[in-house]
Amino acid sequence: MLCGLVFGALSVAMMLPLEFPDKRAALLGAFINRFAIGLLIPLVHLPLSPLLTGVALAILLSLPDAIITKAFAPIIGVGAAGGLVIGWVVSHFAG
């Protein structure tokens, strides 16, 4: 849960200076998406390294937002980077 809270907060912080038609909805949607990524990566055990699992899940969970907004590079890029970091955290600190 901690990974989700941190990743969600960092994503919202990165988006604060940007302009959106409905900023509150955009920030809430980004937080929930990134929270879900951080929550699920430690719980999913695939026959891959935790780093690859993190990146794969993060990309998969980021795709709907990227498709809706047509902002593929930033959404998938930040998601993949966060998934990689969370996968590393899982590989080093999870039991």
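**Entry 1: the model**

I am working from a predicted model.

**Entry 2: α3 and α4**

I started with a pair of helices. Helix α3 covers residues 50–69, and helix α4 covers residues 72–93. I looked up how their axes lie. The two axes come within 7 Å and cross at roughly 155°. Angles over 145 degrees count as roughly antiparallel. I therefore noted α3 and α4 as roughly antiparallel to each other. I also looked up the handedness, and α3 passes α4 in a right-handed crossing.

Next I listed who meets whom. From α3, the residues in contact include Pro 50, Leu 51, Gly 54, Val 55 and Ala 58. Further along α3, I noted Ser 62, Asp 65 and Thr 69 among them. On the α4 side, the partners include Phe 72, Ile 75, Ile 76, Gly 79 and Ala 80. Trp 88, Val 90 and Ser 91 of α4 are also among them. By class, this contact has 15 nonpolar, 7 polar and 1 charged residues.

**Entry 3: α4 by itself**

I checked the length of α4. At 1.5 Å a residue, its 22 residues should span 32 Å. The end C-alpha atoms of α4 are 31 Å apart, which agrees.

Which residues of α4 are buried? I wrote down Ile 75, Ile 76, Gly 79, Ala 80, Gly 82, Gly 83, Ile 86, Gly 87 and Val 90. What do they pack against? I found α1 (2–15), α2 and α3.

**Entry 4: the loop at Lys 70**

I then moved to the loop between α3 and α4, where Lys 70 lies. Is Lys 70 buried or exposed? Its relative accessible area is 67%. Exposed means over 50%, so I marked Lys 70 as exposed. I also looked at the backbone. Phi of Lys 70 is near 60°, a positive value in a residue other than glycine.

Helix α2 runs over residues 23–40, and Lys 23 lies in it. I looked up the accessibility of Lys 23 and got 27%. That falls between the 20% and 50% cut-offs, so Lys 23 counts as partly exposed. Leaving out residues up to four places away in sequence, Lys 23 touches Met 15, Leu 16, Pro 17 and Leu 18.

Asn 33 also lies in helix α2. Its relative accessible area is 11%. Buried means under 20%, so I put Asn 33 down as buried. With the sequence neighbours up to four places away left out, Asn 33 touches Leu 61, Ser 62 and Asp 65.

Key. Residues are numbered from 1 along each chain as its sequence is written. This is a predicted model: local features need pLDDT of at least 70, side-chain atom pairs count only at pLDDT 80 or more; totals for chains, interfaces and linings use all residues. Side-chain values use heavy atoms; hydrogens and water are left out. Helices (H or I, at least four residues) and strands (E, at least two) are DSSP runs, numbered from the N terminus. Buried means under 20% relative accessible area, exposed over 50%, partly exposed in between (1.4 Å probe, protein chains only). Contact means heavy atoms within 4.5 Å. Axes are lines fitted to C-alpha atoms, for helices over the stretch in contact, and angles run from 0 to 180 degrees between N-to-C directions. Angles under 35 degrees count as roughly parallel, over 145 as roughly antiparallel, 65 to 115 as roughly perpendicular and the rest as oblique. A crossing is left-handed if the near helix is turned anticlockwise from the far one by less than a right angle, and right-handed if clockwise. Ala, Val, Leu, Ile, Met, Phe, Trp, Tyr, Cys and Pro count as nonpolar, Asp, Glu, Lys and Arg as charged, and the others, Gly among them, as polar. The expected span of a helix is 1.5 Å times one less than its number of residues.
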